[in-house]
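Please open the model in a viewer in which chains and residue ranges can be selected separately.

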There are 2 protein chains.
Amino acid sequence: MPHPFFDRHRDTLERAVEAIERRGYWSPFPESPSPKVYGEGAAEQGKATFEALLGKRFALTQPATTGEVGNERSPYGMRLGITYPKADLDRLLAAVEAAQATWRKAGPQAWVGVSLEILSRINKASFELAHAIMHTTGQAFVMAFQAGGPHAQDRGLEAVAYAWDQMRRIPERATWEKPQGRNEPLRMEKHFRIVPRGVALVIGCSTFPTWNGYPGLFASLATGNAVVVKPHPNAILPLAITVRIAREVLAEAGFDPNVVTLVAHDAGDATAQTLALRPEIKIVDFTGSTANGRWLEEHARQALVYTEKAGVNQVIVDSTADFKGMVRNLAISLALYSGQMCTAPQNIYVPMGGIDTDEGHLGFDDVAKGLAEGVDRLLEDPARAVEVLGAVQSDGVLRRLEAARSLGTIALDTRTIVHGQFPEATVRTPLIVKLSKADRATYLNEWFGPITFVIATDSTAESLAIARDAVIGHGALTMAVYSRRDDVIERAIEVAEDVGVALSINLTGGVFVNQSAAFSDFHGTGANPAANAALTDAAYVANRFRVVQHRAHA
Amino acid sequence: MPHPFFDRHRDTLERAVEAIERRGYWSPFPESPSPKVYGEGAAEQGKATFEALLGKRFALTQPATTGEVGNERSPYGMRLGITYPKADLDRLLAAVEAAQATWRKAGPQAWVGVSLEILSRINKASFELAHAIMHTTGQAFVMAFQAGGPHAQDRGLEAVAYAWDQMRRIPERATWEKPQGRNEPLRMEKHFRIVPRGVALVIGCSTFPTWNGYPGLFASLATGNAVVVKPHPNAILPLAITVRIAREVLAEAGFDPNVVTLVAHDAGDATAQTLALRPEIKIVDFTGSTANGRWLEEHARQALVYTEKAGVNQVIVDSTADFKGMVRNLAISLALYSGQMCTAPQNIYVPMGGIDTDEGHLGFDDVAKGLAEGVDRLLEDPARAVEVLGAVQSDGVLRRLEAARSLGTIALDTRTIVHGQFPEATVRTPLIVKLSKADRATYLNEWFGPITFVIATDSTAESLAIARDAVIGHGALTMAVYSRRDDVIERAIEVAEDVGVALSINLTGGVFVNQSAAFSDFHGTGANPAANAALTDAAYVANRFRVVQHRAHA
C-alpha cells in the first residue's frame, strides 16, 4: 500500500539503499550546526526549547500513567528537574498491543514512510536534542550535536534502508505455473504478506542514547513492530524528545501513537529486566554493560536479543612513518569525550625495545612520553580542552580513574580542569599508565573512561598475540595498528579477521579509531563478545519480520 | 577471488537469485525419473550402485575414526547392513577446525562454486539417493526420488542463492571521501571481508533427511562454514552419500575434505547433544521433535540455532463449490507417505450443522463419510496404494495408530496392506476419527502418522478460533481452508497472518497442502512454535557470516 510519507522521502530512501551497497561517504543529515545549514536562529531556538523543558513535567501524554518519574542530573552540574510519565506496565503493554494490531497491517511503505518522516523531524530538532544530550551524557556541545544529532539520524536512516532493502525483495504476489507435460499446467496464485514480530524493546544507554538507540528503534519500527523505549535513568530526555516526535508523526499519519512509547524509570529498579521478560516483547535492542547484556541474552528467551556490550579496544604500535601524526591522532582518540566511548582505545602495546619512526628509533619510554606530551598539548588550553573532553558522566569513571593511578608507572597523570561556562562540571584529563605485559589481570579488563595503558611487550608479534586473546576473551569494538612493515599490517588484518574486530591502519590524520560512519563503517561485527550484532547489516533487520503466505488455484 | 566452479554454475546461480525474488515456478533439477531426462540406464545404474552398498562398510575415509557404527533397517523389511566411520569427536573436530582455517579464506565465490558443484553431482546421484531414501524413510520410490532428490536439491540451491544474494551486497572495498569545506577531503580506503561463523552442525531427521537437511547444510557451507552432518541413526545413508560427494568435490577443488564430515552414531546415545554443545559449533540446523528442538534452543547457547520442530496442521472446512475435488485433494494429503510429513493435515474442523456444497447441504457425518470414502477410493488398488502410502517409518507410528482408534468414533479404520514387492513392509492406510470440539486435550497434540481427526464445531468462526489457538500453542506448518464465502476466506487469511502460518485456500486440484515448492513457497514461517526459521529466506542465511573491515588513509 502506498503512503504519502513514503512518497515524500522516496528519493532519500533510494539514495540510502544505494549508499549501503557502495559504502562510500554519504550523509543526508548535515553535521554542521551552522546557521547556513540549519537556518538563522535555529541554534538559539533549540537552546530555548531545551531550557523551557527544565524543571517541568515533560509533555508526553501516554496511557496507563500512574505518576511521575525522573531525576536526571547534568554532568555539567545542574539538575534537569524534568519528570516523565511513570507507566503501569500491564496497562501500557495492553495499549501498545492494541496499537500494534493496526500498525502491523499498514504494510512496509507505511512503516518505512512514517519512520523516515520521524527521522526528518528529529533532524529539525537537532539543537534541542544536542542540549538534551549534552546535559545528560556530558558530551561537549559540538559532539552532542553531531554524534547525537545528524550522525545518530544517519544510523537510524541506515537501519530503515536495510529494512526496506530486505522487505522490498519479497513480492506481494506471484503466479506459480508448473508445466505438466501435455496436460494443462498447474497454476497457483500466491500472496506474501510481511508481518512484524510484535512489540520491540529498546534499552538505551547513558553515553550515546540516540546514536546507539536509533538503529534498533528504527529497524524495529520500519519492519512493523511497535517499540517501547526504555532510556537509562540519567539519559531520559533525548529519547523522550524522540518518542514525542515519533508519536506526533504517528498520530498525524492516522496511527495510534502508542506504536512508540516511553518507559522512564528510576535508577536501581528492575524495569529493564521486567520489561525484557514480558511475553509481549519479541525483540530487544540493548546497549550497555557486559553483565546486563549477557543477562538479557541468557534470560530474554522469548525475544530476539541484539546487544552491544563493552570491550577492551586494542592498539598495536609497531613502527610509524609519522610519529607526530600518530601521537596527534591517538591523543584525540584518548581525549574525545573523556574516553567514554565504547570505541575508545584502552590498551596500547609497544615493544619494550622501542619502535622505528621517521624521527629515528624511539624507546618504549619515549613512545609513552610522546603520547603523554601529545595529550597534554591537545588539552593545553582549558577552553579548548573542555570542548574535547566534555564532562565525566558518572562517579564510576572517577573511581576507576583514581584506582588506575596505582596500577603502574604513571606516564601522564589525570588533571582536573575547571569549565569556564559550567564551573560545577567534572572535567578530567586522560590518565596514561605504563604496564608490563605480565599485568594481564589488569589490562584485559575494561577500564571505561579516560584511562589508557601503554603496555610493554617482547615484540609486535607478542602484541598481536595478546590483542588476539583480549578480543576473543573480552571483546572489542575497535583495533588499530601502526606499522611501516607490510608483513605486520598483513598479520594484523589476519588477526582482526580471525577474531572478528574492525581494524584501523596507520591513522595519522583527521579520522579516529573511535569513529564509525553510518552507511560505510559497520559498527561492531557480532563476531566477538563485545556485540552480538553489527550496526547495521542485513542480519540486524531480516529477522525482525516474517513472511506469511497464502495460495489458491489461479 | 574467482573460482572455476563458480564460473561453471554462474548461469544457474543467476537464475536462482532471480527466482527467489519472483517466487514463481522454477526448478533447475528435473523431478521426472524418466530416462529421457536422466539418461538411458541411469535408473538401473543408480539401483545397482545402491545395492552394491548393502552389507558393507561405507566408503568414507575420515580422520579420527575409532570404529564402525550403523544399524539401519528398511521400513520395507531388510536390514541395510551398512557401517559408517565412528568418530572420536575431539579429534574429528580438531581436523574440522584445521580444514575450516583454509576454507574460511577462500571467499564467497569458492564457497558458492563448490556448493553448486556438490549439488550438481548430487543430482547425478539422484537414483542412488532415491533408493537410499526409500529404504531408510519408507517413502515410496517416486516420492523418494522427487522429494529426496531434485526437490531437496532445489532447496539446497535455494539456500545457496540466498547466501550469495546477501554476500554479493557487501563490496570488497570502498573509497570513503568526506568533504571538508575548502580543505582537502578526508579519504579512506576500506576493505570488507566476509568471514564465516565457524563450524556448523546439521542434525538430520528420519523422514526427509535430504529435503530438510540440505537447506542448513548448503546455507552454512556457502557462507564459508565447515559442516558436520549428524544423521538420524535410521537415515544415515542418504546423508552419508551426500557427505561422500561433498568431500570428493572439496578435494578436487583443492580444499581439505574435512570441511564436510559425517558423524554417524547409534540410536539412543547422546551424540547430538554432545556435539551441539561443543564450543567449536557456532551454528546448528535441526529438524525433528519438539522436545529435542526446544532442548537445543535452550541449551546450545554458543550457537545460532535454527529449528524445525513438530506442529498440528489445521484444515477448516466451511463450504465448497467442489466437494468431490476437496475430498480427492484432502484424501491424497492424508495418505501421502502415510501422513508422515511435517506438513500433513491432522485436524479437519467441520461445523456440526454441516456445510453447503455443490452437492447440496451435507451434514457433519456426510462430510466425514465423504472423506473416508475418498481415502478408500484412492487406496482401493493395493499396488497403487503402496506407491502413495510408502511404508511406516517407526514403531511409534503404529503405537499411535492403535491408540488413536479408541479416541472417538472411527469414520475410517486403518487397514494393513500387503506390499506386493516387499512383503515385510509395514503398510497402513489412514485412520479417520470423529471428535467433538470438547476433545481439545486430544486433538491439540500432534499425532504424527496417518491419523486424522474430523472435529465437530459450532461454526466456522469457532473452527477458526480453535485453529488459531492450536497454532499459537502448538505450532503448525500448514493450514488450509475450504469456503465459498469471501468473508470466511478473508478471516482465515487474517488468522493465518496473525498466528504466522502458511495458508492454502480451496485446494481441489493437483497441488496439496503438504507440498512446499522451493523458490516459491516459504516452508515454515519462524513465527509460530513449529519452527523458529523459514526455508529459506534472508534471515536464514544473513547471520551465518559476519563482515570484518579494515581501513586506512587513502
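Begin with the two chains of this predicted model and select the residues through which they meet: 53 residues of chain B are in contact with 53 residues of chain A. On the chain B side, colour helix H2 (10–22), strand E3 (173–180), strand E4 (183–196), helix H20 (486–499), strand E21 (502–505), helix H21 (538–542) and strand E22 (545–553), each of which supplies at least two residues to the side that touches chain A. Which element gives the most to this side of chain B? The answer is E22(B), with eight residues. Colouring the side of chain B that touches chain A by residue class gives 25 nonpolar, 15 polar and 13 charged residues.

Next, select strand E22 of chain A, residues 545–553, together with E21(B). These two strands run parallel and are joined by three bridges. Within this pairing, centre on A:Ala552, which stands opposite B:Ile505 in E21(B).

The C-alpha trace of chain A spans about 80 × 70 × 45 Å along its principal axes. Colour by burial, and 60% of the 554 residues of chain A count as buried. Among contacts in chain A with a separation of 6 or more, 75% are between residues 24 or more positions apart.

Return to chain B and select the open sheet of five strands, which follow the order E7-E6-E5-E8-E9 with parallel pairing. Strand E7 (260–262) and strand E9 (304–308) of chain B are at the edges with a single partner strand each, so one side of each has no neighbour in the sheet. From one strand to the next, the twist averages 15°.

Inside this sheet, zoom in on strand E5 (residues 199–203) and strand E8 (residues 281–287) of chain B, a parallel pair with five bridges. Here B:Ile203 stands opposite B:Phe286 in E8(B).

Helix H5 (residues 89–106) of chain B lies across E5, strand E6 (226–230) and E7 of chain B, and runs at about 145° to E6(B).

Methods
Residues are numbered from 1 along each chain as its sequence is written. Chains are lettered from A and ligands numbered from 1 in the order in which they are written. This is a predicted model: local features need pLDDT of at least 70, side-chain atom pairs count only at pLDDT 80 or more; totals for chains, interfaces and linings use all residues. A residue is buried if 20 or more other C-beta atoms lie within 10 Å of its own, exposed if 12 or fewer, and partly exposed in between; C-beta atoms are placed from the backbone. Two residues are in contact if their C-beta atoms, placed from the backbone, lie within 7 Å. Helices (H or I, at least four residues) and strands (E, at least two) are DSSP runs, numbered from the N terminus. Ala, Val, Leu, Ile, Met, Phe, Trp, Tyr, Cys and Pro count as nonpolar, Asp, Glu, Lys and Arg as charged, and the others, Gly among them, as polar. Two strands pair if DSSP finds at least two bridges between them. Axes are lines fitted to C-alpha atoms, for helices over the stretch in contact, and angles run from 0 to 180 degrees between N-to-C directions.
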